[in-house]
Amino acid sequence: MSQRNGRVLLQESSKFRKKEFTACFSDYADGVSSGRDTDSPKFAILNDLLQNPSLSATANSINCLLTYIEREGYWLPQEGTYFDSILNVESLDFKNKMFLDDDTFHSLQIFPPYESSANDSISKNAHLSIFELLDHTTTQTSKRLLKSWLLSPLTDLKEIEARYQVIETFHQEYNSATFEQLRRQLKGLPNISSIINSFYTGRTKLNTWSSLRRYLESSIEIYHLVILIKAAGNVNLFQRITDLLDPDVLRTLLHSLDAAIDFAVSQDMNAIIIKNGVHQDLDDHRKVYDELEKILSVVAKEAEYIIVNLLDEEEKYNFAKQNSNNNFINAVYVPQLGYLITVDIELESILNNNAQLRWREMFRTSTTIYFKNEEVTNMDQYYGDIYALISDLEIEILYSLQKEVLKHKKMLIDSCMCFSELEVLSSFAHVSELHKYSKPELTEENCILKIKGGRHALYETIVDTYISNDFDLDGGSFSDKDWCSHNYNRVAVLTGANASGKSVFLTQNGLIAYMAHIGCYVPATSAKIGVVDKILTRIKTRETVLKTQSTFQLDAQQMAKCIGLMTEKSLLLIDEFGKGTDIIDGPALFGAIISHLGKNERCPRTIACTHYNELFGPAILTDSIPGVVHFQTQILLNSVSASGKIDATILNEGITFLYKVSKGLAKSSFGVYCAKICGLNENIVSRAEHLVKLINDGEDLVEYCGKPTPEELAKFQENQEVVKRFLSWDLDLETNLESSILREKLGMILETPQTRPVSEQMNNTSELFIKE
């Protein structure tokens, strides 16, 4: 159980009552106020807690813990101090952590968006989240650590560089064999915290001890492998492991386990079997227990002899005849009840007729009577409850082993955390080597995002071929408040055709910056990145039934949050903001945001995708805004596209997307073409293409759409003729006609040349009037 509040993390191994915890806390407070000694083990954990410089946060954390304990109804083991069950106390420092919110995690696909099904062909061959991409860990402890790293990327260059050093060391060719052996040893390493928890709760099983033995064996191997690794410098993690682990202690613990527990036999018996020679009394009791069947057989024979001697000749004959299987009289051992004589219920009359037989009945069943006699009573006194004695001695031996292991609890738990860190970093190294990632260069001085050969960490695992792109945004020094006038750029505006890869390029650069700060290599040929304190995004609109705002409201709220939280060290990603409102307000808001960012002293590095190309025309913002640089996605226009006749079923017909980004401003988004290749109705697409051509030619759409076409005029005249014929029809003169004739005449009046030739229509009409 982990309880987080303020800056304190408490990890407990078992449950305890709030009253006892509170009483101990009160005793500690009284001791501090009265000057009494508070250095006893009982108060050790509180001493650690109150050394935290943030006393208010510490007090809040303790109060939070007490509330949690009360709500969950936790209990305290009978033995030990009140805080023996707390495994570790750590200070959580959020100062050197990157800020990310839910929108950023969702937009950059850091964690899996859903549970992939077994029939999902994409999920089998691709990674849909950064967690899935980097998770080559095998233990729950390592997975939890990886998740915590993904939730809180680092901003401290020393800590980030320490992770890079481990990956770089693993990538050295002379360490490749050691690296693979290390990965095998780390695979499936048991969770030592769970093992120690089971010691405290008294729920140890064979699997507990087997896991502990495997952990000790692997720890020794890992220690020696870490020593064999050749590092260019002093790698912090390797040094911590070698300083922390004492191989002699590990071997001693392993030897104690192997000397006490017979793991081979235990596996066969599915129970914990203590070896012979560990405890002399245990060996003696086991020897008696093994021979108990013979001893009880002798006791049963003696009891039978006594009963037979009480019988006359005829009864002896009948008894011998009925007891041919020797099952009338037996001796048994029942744990906790001791040794007993069993007599078949058919012999009850014989026993009742012999008063000199001094047997004491203990209990009976429907078929058997259980007795105590002098012989079995002597066995109770001599041998005792042999099974319970064996169990007690085995428990004592296991308890002494537990105590020996718990003496080194801190070393074992700390080593487990180091091994988890080692496995996560080995996973980073494996992924980096597999996908050819490179080590990024981070700087605390410059507001820069310079990437060569950048790739999208997730999309490149989905497609067969991924086209890399460069990106260069140099915003000068972080401390330069007048960066804009010094010809630096911090805002990149990306335009281009629909479906040409703008959003992928946007998130690609965000992910490269993100992965660099978790201490992993990045999917690029090279990358130089100024430290990022926040990644803020306005990319995806997340609508649910719980949100009553409109789509544009949600977008505007995201944008307002980004502008309110941004600093000069932030990275701001904007994808098509303003598309949810009208054609004037949307571009106006987007243009105002770009202008605001370009003049802001604390402008973050910003990448903004848009289709509002007209904003950057000569009459509005122009394409020369200080602090803003323009990028465009490249496409290839085929000759057939210029004619407007595009067959979307033919490969590369019309427009070829190159998925390359270059500096410049795109002139069109080619939205109509994108709609056509997506299967929109051909008539709709043709009409849209015609309207786009009119707009590009400078035509007034209102005036144009207000003029009727020749086809519309012809249709109007036809409809007028129909109306005239209908109005000239005097129904008062048709009262004597049958309804069928009326229907036929009405149909002829309403017919148009499109449905019937005019000559035929006129002839039929004339005939109908003549008939009348």
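1. Helices (H or I, at least four residues) and strands (E, at least two) are DSSP runs, numbered from the N terminus. Keep in mind that this is a predicted model: local features need pLDDT of at least 70, side-chain atom pairs count only at pLDDT 80 or more, and totals for chains, interfaces and linings use all residues. Residues are numbered from 1 along each chain as its sequence is written, and side-chain values use heavy atoms, leaving out hydrogens and water.

2. A stretch to look up first: UniProt lists residues 570-586 as "domain: DNA mismatch repair proteins mutS family", in an unreviewed entry. UniProt positions follow the numbering used here, feature names are shortened, and annotations may be inferred rather than shown by experiment.

3. Next, a helix pair. H9 (residues 176-186) and H11 (residues 206-228) have axes that come within 10 Å and cross at roughly 160°. Axes here are lines fitted to C-alpha atoms, for helices over the stretch in contact, and angles run from 0 to 180 degrees between N-to-C directions. H9 and H11 are therefore roughly antiparallel to each other (angles over 145 degrees count as such).

4. Who touches whom there? Thr178, Gln181, Leu182, Gln185 and Leu186 of H9 meet Ser218, Glu221, Ile222, Leu225 and Leu228 of H11, where contact means heavy atoms within 4.5 Å. By class, this contact of H9 with H11 has five nonpolar, four polar and one charged residues. (Ala, Val, Leu, Ile, Met, Phe, Trp, Tyr, Cys and Pro count as nonpolar, Asp, Glu, Lys and Arg as charged, and the others, Gly among them, as polar.)

5. Now the sheet. Four strands make an open sheet, ordered S4-S5-S7-S6, with antiparallel pairing; two strands pair if DSSP finds at least two bridges between them. At the edges sit S4 (329-334) and S6 (360-364), each pairing on one side only. Ignoring direction, neighbouring strands are turned by 35° against each other on average.

6. Zooming in, S4 and S5 (residues 338-344) run antiparallel and are joined by six bridges. Tyr333 stands opposite Tyr339 in S5. Helix H15 (residues 280-309) packs on the sheet and touches S4 and S5, its direction making about 145° with that of S4.

7. Val722, Arg725 and Phe726 in H28 meet Leu746, Met748, Ile749 and Leu750 in H29. That contact of H28 with H29 divides into six nonpolar, no polar and one charged residues.

Technical notes:
Angles under 35 degrees count as roughly parallel, over 145 as roughly antiparallel, 65 to 115 as roughly perpendicular and the rest as oblique.
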